[in-house]
Amino acid sequence: MNPKYSPDISKFDSFFDDVEDYINTQGFTLGEESQGFQKLIQSINYCDVWGVITKNQFDSMNKKFWKIFHETVTPKEENQ
């Protein structure tokens with residue numbers, strides 16, 4: 001996925017927003033991977049909230065999550 005054509009995630013709230021619904025409004029999809037991405041981002045956040053991981057670990061996990069997210073996301077018309 002070309003980052004130039006990636007969805008804008010600047011206002012995405014991983015505690016309250018569904019990642020697939022959020023990017024669908026912008027014309028993108030994660031396809032069959034969407035549930036896995038949703039569970040993963042929520043898990044990362046809950047680990048942070050409950051103090052299971054350090055700030056550095058949280059930052060590293062988030063960085064990896066969004067890297068894989070941007071590699072996986074595609075425009076809707078390519079997946080249909």
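## Packing of α2 against α3

The axes of α2 and α3 come within 10 Å of each other and cross at roughly 170 degrees; axes are lines fitted to C-alpha atoms, for helices over the stretch in contact, with angles from 0 to 180 degrees between N-to-C directions. α2 is therefore roughly antiparallel to α3, a label for angles over 145 degrees. The crossing of α2 past α3 is left-handed, meaning that the near helix is turned anticlockwise from the far one by less than a right angle. Helices here are DSSP runs (H or I, at least four residues), numbered from the N terminus.

On the α2 side, the contact (heavy atoms within 4.5 Å) is made by Phe37, Leu40, Ile41, Ile44, Asn45 and Asp48. α3 contributes Phe58, Met61, Asn62, Phe65, Trp66, Ile68, Phe69 and Thr72. By class, the contact has 10 nonpolar, 3 polar and 1 charged residues; Ala, Val, Leu, Ile, Met, Phe, Trp, Tyr, Cys and Pro count as nonpolar, Asp, Glu, Lys and Arg as charged, and the others, Gly among them, as polar.

## Basis of the model

This is a predicted model, in which local features need pLDDT of at least 70 and side-chain atom pairs count only at pLDDT 80 or more, while totals for chains, interfaces and linings use all residues. Residues are numbered from 1 along each chain as its sequence is written, and side-chain values use heavy atoms, with hydrogens and water left out.

## Aromatic pairs

The structure holds 8 aromatic pairs, counted where ring centres of Phe, Tyr or Trp (its six-membered ring) lie within 6.5 Å. Phe12 and Trp66 form one of them, edge-to-face (planes over 60 degrees apart), at 5.9 Å centre to centre and 80 degrees between the planes. This pair links distant parts of the chain, since Phe12 is in the segment before α1 (19–24) and Trp66 in helix α3 (residues 55–72), 54 residues apart. Phe12 and Trp66 are buried, that is, under 20% relative accessible area with a 1.4 Å probe and protein chains only.

The rings of Phe37 and Phe65 have centres 5.5 Å apart and planes at 70 degrees, so this pair is edge-to-face. Because Phe37 lies in helix α2 and Phe65 in helix α3, the pair ties together parts 28 residues apart in sequence. Phe37 and Phe65 are both buried. One aromatic cluster is formed by Phe12, Tyr22, Phe37, Phe65, Trp66 and Phe69.

## Ser34

Ser34 is placed in helix α2 (residues 34–49). Ser34 is buried, with a relative accessible area of 15%. Leaving aside neighbours within four places in sequence, Ser34 is in contact with Val19 and Glu20.

Technical notes. Helices (H or I, at least four residues) and strands (E, at least two) are DSSP runs, numbered from the N terminus. Buried means under 20% relative accessible area, exposed over 50%, partly exposed in between (1.4 Å probe, protein chains only). Rings of Phe, Tyr and Trp (its six-membered ring) pair if their centres lie within 6.5 Å; planes under 30 degrees apart count as stacked, over 60 as edge-to-face and the rest as tilted. Angles under 35 degrees count as roughly parallel, over 145 as roughly antiparallel, 65 to 115 as roughly perpendicular and the rest as oblique.
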